[in-house]
Amino acid sequence: SSWNSRALWTHKGLAGLSLQNNSLTRLSDVGEIYMPSLTFLQLGDNNMTIDVDINTEAFPTLLDLWINGNTIETFPSEDLKFYLAHLAIARCGLRSLPSYLASFASLQYLDARDNYLTSIDGDLKKVIVDQRVEAYFSGNDALCKSDQSLDCTPLCSKTCWSRKAASNKLCDVGCNSQECSNDGGECNVESL
């Protein structure tokens, strides 16, 4: 629930940071952010408010951004379009996605499940198809009823991140549940 903000959020050499399932409240509470080497940021399932601009000024090398299970007041910046490959924004109370997501040339994964989306920009749908983006939209009832072209089939649980998780030879914690057959058997339940 607390840390040395200055030491953590201005760390020059840190490449990956996972603060999933903690008691964080507002991203703006951390103060100055500049992490020039960070490529992986996991802030999922904190029920926190994302109220600062997540951009290349703060995170110039960010490839993976997992902010699912939070409230997004400020959507990640368009200037992430050159590098960002994975974006997890499930369960964030979103009613729409910005049209500029269609300009994310490196996008490989988009998890927008369990929001309140009613439509998806046509250019973004084209990017999903053309770039073969692994994209999930289940739990957006109005959207899924009106657009059969999107993947609206639920995953095995709300916290499992991918249909491919059960065969990636890793124990994916979010998929380590009975509904997900303990990540397809990849998690050794007896040692937990």
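Reader: Why is Thr-118 called partly exposed?

Author: In this predicted model, Thr-118 has a relative accessibility of 48%. Buried means under 20% and exposed means over 50%, so Thr-118, at 48%, counts as partly exposed. Thr-118 is placed in the loop between strand S7 (109-111) and H2. Its C-alpha atom is 9.1 Å from that of Lys-145, and the two residues are 27 apart in sequence.

Reader: What makes Lys-126 and Asp-130 a salt bridge?

Author: The side chains of Lys-126 and Asp-130 meet at 2.5 Å, N to O. A salt bridge requires a side-chain nitrogen of Lys or Arg within 4 Å of a carboxyl oxygen of Asp or Glu, and therefore the pair Lys-126 and Asp-130, at 2.5 Å, qualifies. Side chains of opposite charge can pair when their charged atoms come close. Both residues belong to helix H2 (residues 122-130), and because they are four residues apart there, about one helical turn separates them. Lys-126 is partly exposed, at 49% relative accessibility.

Reader: How do you know that Arg-163 and Asp-151 form a salt bridge?

Author: The closest N and O atoms of Arg-163 and Asp-151 are 2.6 Å apart. The limit is 4 Å, so this pair also meets the criterion. Arg-163 lies in the loop between helix H3 (141-146) and helix H4 (181-184), and Asp-151 lies in the loop between H3 and H4, so the bridge ties together parts that are 12 residues apart in sequence. Arg-163 is partly exposed, with a relative accessible area of 38%, and Asp-151 is partly exposed, with 26%.

Reader: What joins Arg-26, Asp-51 and Glu-73 into one network?

Author: Salt bridges that share partners join these residues, Arg-26, Asp-51 and Glu-73. The structure holds nine salt bridges.

Reader: Why is Glu-73 called exposed, and why is Arg-26 called partly exposed?

Author: Glu-73 has 52% relative accessibility, and exposed means over 50%, so Glu-73 counts as exposed. Arg-26 has 32%; because this value lies between 20% and 50%, Arg-26 is partly exposed.

Reader: How do you know that Cys-175 and Ile-33 are buried?

Author: Buried means under 20% relative accessible area. Cys-175 has 1% and Ile-33 has 17%, so each of them counts as buried. Cys-175 is placed in the loop between H3 and H4, and its C-alpha atom is 4.3 Å from that of Cys-160, 15 residues away along the chain. Ile-33 is found in the loop between S1 and S2, with 8.8 Å between its C-alpha atom and that of His-11, 22 residues away along the chain.

Reader: What makes the phi of Arg-132 worth a remark?

Author: Arg-132 has a positive phi of about 55° although it is not a glycine. Most residues other than glycine have a negative phi. Arg-132 is found in the loop between H2 and strand S8 (134-136) and is exposed, because its relative accessible area of 75% is over 50%. Ser-181, in helix H4, also has a positive phi, near 50°.

Reader: Why can Leu-63 belong to a nonpolar surface patch?

Author: A patch residue needs over 30% relative accessible area. Leu-63 has 35% relative accessibility, so Leu-63 passes that limit. Leu-63, Phe-82 and Tyr-83 make a patch of about 320 Å². Leu-63 itself is placed in the loop between strand S3 (49-50) and strand S4 (64-66).

Methods:
Residues are numbered from 1 along each chain as its sequence is written. This is a predicted model: local features need pLDDT of at least 70, side-chain atom pairs count only at pLDDT 80 or more; totals for chains, interfaces and linings use all residues. Side-chain values use heavy atoms; hydrogens and water are left out. Patches are made of residues with over 30% relative accessible area and no salt bridge: like charges are joined within 9 Å, nonpolar side chains (Val, Leu, Ile, Met, Phe, Trp, Tyr) within 5 Å. Accessible areas come from the Shrake-Rupley method with a 1.4 Å probe; for residues, only the protein chains shown count as cover. Helices (H or I, at least four residues) and strands (E, at least two) are DSSP runs, numbered from the N terminus. Buried means under 20% relative accessible area, exposed over 50%, partly exposed in between (1.4 Å probe, protein chains only).
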